[in-house]
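Here is a short briefing on one structure. Look at the sequence and the model first, then read the points below.

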Amino acid sequence: MKKVSVFVLMISLILMFASLISWIMSQPTFAIIASNLGLLFLAISYLWENRNNFLK
């Protein structure tokens with residue numbers, strides 16, 4: 001795994017954990033935003049890492 005992939009994974013996990021905590025603390029708006037950002041980071045990272053495989 002590349003360093004960038006590990007950093008993106010860590011950021012995404014932190015955002016997902018922040019989403020869970022904010023949902024428990026009854027802040028649904030921030031929970032949705034944090035979870036969507038984490039999912040977006042993971043999706044973009046996955047697509048960027050595998051962009052050559054999709055073109056073949």
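**Helix pair, salt bridge and nonpolar patch**

The axes of H1 and H2 come within 7 Å and cross at roughly 160°. Axes here are lines fitted to C-alpha atoms, for helices over the stretch in contact, and angles run from 0 to 180 degrees between N-to-C directions. This is a predicted model: local features need pLDDT of at least 70, side-chain atom pairs count only at pLDDT 80 or more, and totals for chains, interfaces and linings use all residues. Residues are numbered from 1 along each chain as its sequence is written, and side-chain values use heavy atoms, with hydrogens and water left out.

**Helix packing**

- H1 and H2 are therefore roughly antiparallel to each other (angles over 145 degrees count as roughly antiparallel).
- Helices are DSSP runs of H or I, at least four residues, numbered from the N terminus.
- H1 passes H2 in a left-handed crossing (the near helix is turned anticlockwise from the far one by less than a right angle).

**Salt bridge**

- A search of the whole structure finds one salt bridge (a side-chain nitrogen of Lys or Arg within 4 Å of a carboxyl oxygen of Asp or Glu).
- Glu49 pairs with Lys2 in a salt bridge, and their closest N and O atoms are 4.0 Å apart.
- This pair links distant parts of the chain, 47 residues apart: Glu49 sits in helix H2 (residues 28-49), and Lys2 in the segment before helix H1 (3-24).
- Side chains of opposite charge can pair when their charged atoms come close.
- Glu49 counts as partly exposed, at 34% relative accessibility (buried is under 20% relative accessible area, exposed over 50%, partly exposed in between, with a 1.4 Å probe and protein chains only).
- Lys2 counts as exposed, at 56% relative accessibility.

**Nonpolar patch**

- Met1, Val6, Phe7, Leu9, Met10, Leu13, Met16, Leu39 and Leu42 make a nonpolar surface patch of about 870 Å².
- Patch residues have over 30% relative accessible area and no salt bridge; nonpolar side chains (Val, Leu, Ile, Met, Phe, Trp, Tyr) are joined within 5 Å.
- Accessible areas come from the Shrake-Rupley method with a 1.4 Å probe.
- H1 and H2 each supply at least two residues of the patch.
- H1 gives the most, with six residues.

**Leu39 and Ile21**

- Leu39 lies in helix H2 and is exposed, with a relative accessible area of 52%.
- Ile21 is found in helix H1 and counts as partly exposed, at 34% relative accessibility.
- The C-alpha atoms of Ile21 and Leu39 are separated by 16 Å, with the two residues 18 apart along the chain.

Definitions and conventions: Patches are made of residues with over 30% relative accessible area and no salt bridge: like charges are joined within 9 Å, nonpolar side chains (Val, Leu, Ile, Met, Phe, Trp, Tyr) within 5 Å. Angles under 35 degrees count as roughly parallel, over 145 as roughly antiparallel, 65 to 115 as roughly perpendicular and the rest as oblique.
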